[in-house]
Amino acid sequence: MHHGVVASRSADSSSSRQGNGSSSIDAVSLAIIEQLQEDGRRPYAAIGKAVGLSEAAVRQRVQKLLDQGVMQIVAVTDPLTVGFRRQAMVGINVEGDLDPVAEALTAMAECEYVVMTAGSFDLMVEVVCEDDDHLLEVINKRIRALPGVRSTESFVYLKLKKQTYMWGTR
């Protein structure tokens with residue numbers, strides 16, 4: 001299991017943004033995030049040494065970044081090793097308001113990633129399931145049954161070549 005830091009992708013992270021779209025996070029905080037992305041369990045003293053702050057100052061900054069929703073510290077697993085052998089990206093077209101459909105998808109444990117998009121699909125959802133039967137049940141019985149869902153297109157993952165959470169500090 002890998003412990004890492006995920007820079008927040010949620011809409012609620014707007015508190016970390018200025019009106020012009022540039023990040024309001026200073027270089028020292030970005031350096032702390034980079035340290036934690038390399039190892040989410042790295043001691044604050046070691047981070048402090050690397051970024052030029054005291055252990056207490058690093059602890060305070062990390063807590064502030066967590067409280068603001070800028071990042072979260074999580075254990076990143078390989079779905080295959082914990083019994084989830086089928087992953088897919090599902091493109092969804094919706095009639096009417098996207099919000100109720102997006103909220104319903106967000107509430108489903110199998111939906112790891114829900115994003116509103118411009119283009120061929122209104123929503124893109126990453127689904128992690130135990131097997132093909134589980135995937136079929138999620139798509140056919142739950143996603144397609146949501147009011148407003150007009151159509152879906154599934155992109156089943158054959159092999160995951162890259163999964164990184166290092167973005168957000170470059």
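Okay, some housekeeping. It's a predicted model, so local features need pLDDT of at least 70 and side-chain atom pairs count only at pLDDT 80 or more, while totals for chains, interfaces and linings use all residues. Residues are numbered from 1 along each chain as its sequence is written, and side-chain values use heavy atoms, with hydrogens and water left out.

Let's begin with helix α1, residues 27-38. Its 12 residues reach 17 Å from the first C-alpha to the last, close to the expected 16 Å; that expected span is 1.5 Å times one less than the number of residues. Which residues of α1 are buried? They're Ser29, Ile32, Ile33, Gln35, Leu36 and Gln37. Buried means under 20% relative accessible area, exposed is over 50%, and partly exposed is in between, using a 1.4 Å probe and protein chains only.

Now the sheet. Four strands form an open sheet in the order β4-β5-β3-β6, with antiparallel pairing. Because β4 and β6 stand at the edges with a single partner strand each, one side of each has no neighbour in the sheet. Two strands pair if DSSP finds at least two bridges between them, and β4 and β5 are joined by 5. For instance, Met116 has Leu123 in β5 as its bridge partner.

Helices lie across this sheet. α4 lies across β3, β4, β5 and β6, at about 165° to β4, and α5 lies across β3, β5 and β6, at about 140° to β5. Contact means heavy atoms within 4.5 Å. Angles run from 0 to 180 degrees between N-to-C directions, with axes fitted to C-alpha atoms, for helices over the stretch in contact.

Last topic: salt bridges. The rule is a side-chain nitrogen of Lys or Arg within 4 Å of a carboxyl oxygen of Asp or Glu, and the count comes to 6. One of them joins Arg59 and Glu55, with the closest N and O atoms 3.5 Å apart. Those two sit 4 residues apart in helix α3, so about one helical turn separates them.

Another links Arg142 and Glu110, at 3.0 Å. Arg142 is in α5 and Glu110 is in the loop between α4 and β4, so the pair ties together parts 32 residues apart in sequence. Arg142 is partly exposed at 26%, whereas Glu110 is buried at 13%. Glu137 joins Glu110 and Arg142 in a salt-bridge network.
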